[in-house]
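Student: I have a new structure open and would like to learn how to read it. Could you take me through it, one feature at a time?

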Amino acid sequence: MDDIEKRCIEIIAKSKNIPADSINLDTTFEELNIDSLDKINISFEVEETFNIEIPDDALGTLKTVGDVVRGVHQLRENKPPANVATP
């Protein structure tokens, strides 16, 4: 389990007040009773934790914890370093 996976699971577990060890990448939001408001709150926490911005239209496509983890990896890989000067 990498750090992103661990932190995403911790965020989701905290938001639903359930043990983190009961969640894995294949766990669906439906299984966790995560509704649209929960998704928004979780996305805010994930954005703040990883200093990323999740596109609004992406929220509707997230179905599993693994989707969140893969999305964070993709957004972090595509983000330019903060200390790079722009012309």
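Predicted model: local features only at pLDDT ≥ 70, side-chain atom pairs only at ≥ 80, totals over all residues.

Student: Thanks. Is F44 buried or exposed?

Tutor: Buried means under 20% relative accessible area, exposed means over 50%, and partly exposed is in between (1.4 Å probe, protein chains only). F44 has a relative accessible area of 51%, so F44 is exposed. You will find F44 in helix α2, residues 36-50. Helices (H or I, at least four residues) and strands (E, at least two) are DSSP runs, numbered from the N terminus.

Student: And what about the inside?

Tutor: In soluble globular proteins, nonpolar side chains tend to be buried together. A nonpolar core is a set of buried Ala, Val, Leu, Ile, Met, Phe, Trp, Tyr and Cys residues joined through side-chain atoms within 4.5 Å. The largest one in this structure has 21 residues, and I12, V46, V65 and V72 have the most contacts inside it. Helices α1 (3-16), α2 and α4 (65-78) each supply at least two residues of this core. The most come from α1, which gives six.

Student: What does V46 touch?

Tutor: Contact means heavy atoms within 4.5 Å. Leaving aside neighbours within four places in sequence, V46 is in contact with I11, N51, I52, I54, V68 and V72. V46 sits in helix α2, and its relative accessibility is 1%, so V46 counts as buried. As for I12, not counting residues up to four places away in sequence, I12 touches I23, F29, L32, I34, I42 and V65.

Student: Now for charges. How many salt bridges are there in the whole structure?

Tutor: Side chains of opposite charge can pair when their charged atoms come close. A salt bridge is a side-chain nitrogen of Lys or Arg within 4 Å of a carboxyl oxygen of Asp or Glu. A search of the whole structure finds three. In one, D38 pairs with K16, with the closest N and O atoms 3.1 Å apart. D38 lies in helix α2 and K16 in helix α1, so this pair ties together parts that are 22 residues apart in sequence. D38 is buried at 17% relative accessible area, whereas K16 is partly exposed at 23%.

Student: Where are the other pairs?

Tutor: R7 and D3 both lie in helix α1, four residues apart, about one turn of the helix; their closest N and O atoms are 3.2 Å apart. D67 and R70 meet at 2.8 Å, N to O, and both lie in helix α4, three residues apart.

How values were computed:
Residues numbered from 1 in each chain as written. Heavy atoms only, no water.
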